[in-house]
Structures are given as structure tokens and as C-alpha cells.
Amino acid sequence: MSALYQAGITGLGAYLPAKVLTNFDLEKMVDTTDDWIRTRTGIRERRIAAKGQKSSDLGLEAAKQALQNAGLKPADLELIIVATITPDMLFPSTACSIQARLGAACGAFDMAAACSGFPYALAVSEGLVKAGLYKHILVVGAEMLSSFIDWKDRATCVLFGDGAGAAVVSRLDHDSGHGVIASYLGSDGNQADILQIPGGGSAHPPSEETLKQGLHFLKMQGAEVFKVAVRTMEDAVHEVLRRADLELKDVDWLIPHQANIRILNAVAERLELPPEKVYINVDRYGNMSSASTVVALCEAVSQGLVKKGQIIVLVAFGGGLTWAANVIKW
Ligand code: UT7
């Protein structure tokens with residue numbers, strides 16, 4: 001069935017907290033070295049939210065920029081989707097907080113797809129706009145991983161950072177010649193335990209025992225996650241291109257989830273994409289979960305790297321397990 005309308009990104013924004021935490025700072029906190037972190041992950045530094053800041057604060061700043069960039073007012077929004085695994089609280093949603101503080105009058109909900117959050121939310125908004133249900137949807141990826149990291153665990157604390165990105169997804173004329181062409185979503189809940197925050201929900205409600213065991217912290221079996229990340233991101237790119245009726249040679253930019261430079265290099269190599277077609281900022285921000293892909297897209301566009309008419313593939317992988325990809329003609 002062909003869509004009634006086309007859906008495209010009409011505005012982008014990003015917000016990175018001012019505080020920079022370098023690998024050298026981490027050397028003073030845990031048994032690690034700048035050399036280990038750089039060679040194993042590609043990360044040099046990451047941003048950390050200020051005391052008292054919360055995910056909605058980061059998301060709100062990115063959202064304001066995206067609206068301005070789209071030339072829209074909060075009143076134009078008909079829906080707000082916030083992808084996050086580090087919400088302000090279990091409920092109300094971080095999306096409702098952003099809706100209220102923007103002064104928008106529309107529906108709002110959070111989506112938990114971990115690092116795949118932005119491509120997942122983009123796919124949902126693409127569907128809603130193409131079906132004719134909404135004209136303008138604000139999609140935010142906002143994370144404050146620093147609140148859920150065990151700062152004594154060197155295996156995880158060196159990897160993550162805080163930040164937010166936002167996109168306005170709008171209805172476009174069918175013959176506009178650009179927009180989101182296709183999306184693909186995947187999951188495998190059988191592998192939930194290799195990447196999770198086990199405590200704080202109904203499975204392990206907060207108690208002295210869960211606190212003692214550190215169940216409220218992010219847990220990861222890094223080497224396992226690494227292998228699945230490479231395989232699923234490669235597969236997701238193939239599948240989304242098949243759905244878009246395009247080939248790898250048509251891709252101008254791969255904008256992947258920024259987890260580890262070795263993962264990105266391995267995915268690019270398997271896809272036979274040259275490094276200059278892969279946008280990288282993991283060195284500056286580390287892994288910002290659902291904020292990663294949208295911040296990377298925002299940077300690539302604002303730096304003028306992405307040109308009108310080019311084909312962009314967003315791809316991500318994360319806890320759930322989840323994976324997702326979108327093809328956009330810019
Ligand atoms: O967003 C999606 C979620 N996350 C990811 O995609 C992350 C996927 N995984 C990874 O990026 C990598 O697996 C890591 C960066 C987490 C780890 O790299 P690795 O090459 O898989 O290392 P490893 O876990 O096999 O550990 C190698 C060694 C171990 O020491 P031994 O047992 O060989 O003596 C670790 O204890 O490195 C040690 N190690 C560290 N050493 C210094 C682990 N973390 C550190 C550290 N500093 N920060």
C-alpha cells in the first residue's frame with residue numbers, strides 16, 4: 001500500500017552539557033588509562049550533565065533548537081516522542097515534561113528502545129505522518145547515562161556520556177523528492193541480560209538489597225554485546241536498503257549509533273563502505289544511547305557534510321536487544 005503523504009526531517013537540534021570528562025579525568029577515578037580507552041573504544045572524552053540537570057532539561061534545549069531550525073512554534077506540534085532509557089522518573093514521561101515546558105498542546109509519550117531509540121522513534125513518526133494522522137511530530141533522544149552508571153566499574157563508566165538531540169518530522173508533499181524512504185525495526189528479548197539496568201522496576205523494586213547489589217546501575221557483557229552489535233547493524237543496513245529499493249553503492253552517509261569505533265569500523269568494513277562515508281563523533285561524546293544517532297545527524301547536517309538529495313542511512317543497536325535503521329533522502 002502506498003503512503004498518503006511523505007514524511008521528512010524539517011528541523012534538527014542538539015544539546016551537549018558543558019562539562020567535559022576526559023580519559024585523563026577517568027584515570028584518577030578508576031583503574032584505567034587513556035591509552036586503553038582510546039584504543040579499545042575510540043573515546044577521548046564525554047559530556048556530563050551538571051548537578052541538578054535531568055534528561056528533560058537536555059531534551060528541552062535540543063527540542064527548542066529543532067523547532068527554530070524547522071521554523072515552527074511549539075503550538076504547531078501535534079505529538080512529542082522522547083526516546084530515552086534514562087527518564088526523569090518512571091512516570092510521568094519525560095515527553096510530558098518537555099511538552100509542558102515548551103508550551104506545546106499535544107500528545108506526548110516516551111519510548112524505551114535503548115540505543116536504537118531515535119531510529120525507532122523516527123520510524124514511528126514516519127508511519128504516523130505518512131498515514132496522514134499528524135503534520136508535525138517532535139522526536140527527541142535524551143539521555144543522562146551518568147545517573148545510571150557505576151562510577152566504580154571501569155568496564156562501563158568509561159563508555160557513556162550525556163546529551164540530547166531532536167528532530168521535527170513533518171508532512172511533505174508526495175512529490176517533494178525527499179524524506180524518510182524506509183525504516184526497519186528488530187528485537188530479540190531473549191538476550192535481554194547482556195545489556196540492562198535490572199533494578200528499580202517491577203522485577204526488582206528498589207530495596208536495600210537491590211541498592212547493595214547495585215542493580216540500579218547499567219550492566220553489560222561488553223564482548224557479547226560487541227559481537228551482536230556488528231552483526232545486527234550490518235543486517236539492519238541490508239534490510240532497510242532492500243525496503244528502500246536501494247543498494248549500498250547509493251549510500252552517501254552512514255550515520256551509526258556511536259558505541260565504539262571498533263564496532264563502527266567493523267560494520268563499515270563488512271558493508272564495504274569507505275570510512276569517509278561514515279560519520280563519527282564517538283571520540284567527543286562516547287555512547288549517548290538514544291541521543292547518539294540524532295546528535296550525529298544534527299552535526300553532519302549543520303557542518304554542511306550532508307547535501308540535498310543525498311542518501312543517508314541511520315543505524316543503531318542497543319539493549320532489549322533492539323536494532324533499527326532508517327533510509328532518508330535529504
Ligand atoms: O550501545 C550499545 C551498547 N554497548 C556497546 O555496544 C559496547 C560493546 N562492547 C564494547 O565496546 C567492548 O566490548 C568494550 C569496550 C566494552 C570492552 O572491550 P573489549 O576489547 O571487549 O575488552 P574486554 O571486555 O574483553 O576486556 C579486556 C581486558 C580485561 O582484562 P583481562 O581480563 O584481559 O585481564 C578487562 O578487565 O580489559 C580490561 N578492562 C579494562 N582495562 C582498562 C575492561 N575495562 C577496562 C578499562 N580500562 N576501562
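The model is a predicted one, so local features need pLDDT of at least 70 and side-chain atom pairs pLDDT 80 or more, while totals for chains, interfaces and linings use all residues. Residues are numbered from 1 along each chain as its sequence is written, and side-chain values use heavy atoms, with hydrogens and water left out.

In all, 23 residues surround the ligand, each with a heavy atom within 4 Å of it. Thr-32, Arg-40, His-257, Asn-260 and Asn-287 are the closest. Polar contacts (pairs of N or O atoms within 3.5 Å) turn up at several of these. The side chain of Arg-40 puts an N or O atom 2.8 Å from a ligand oxygen; for Asn-260 the corresponding distance is 2.7 Å, and a polar side-chain atom of Asn-287 also sits 2.7 Å from a ligand oxygen. Taken alone, the ligand exposes 960 Å², and the protein buries 71% of that (Shrake-Rupley areas, 1.4 Å probe).

As for where the shell comes from, helices H2 (34-41), H6 (154-157), H8 (222-244) and H9 (261-271) are the elements that give two or more residues, helices being DSSP runs (H or I) of at least four residues, numbered from the N terminus. H8 gives the most, with four residues. Domain 1 (6-175) and domain 2 (179-329) each supply at least three shell residues, the bounds coming from an automatic or database domain assignment.

Methods
Polar contact = N/O pair within 3.5 Å; in protein donor to acceptor, adjacent residues only side chain to side chain.
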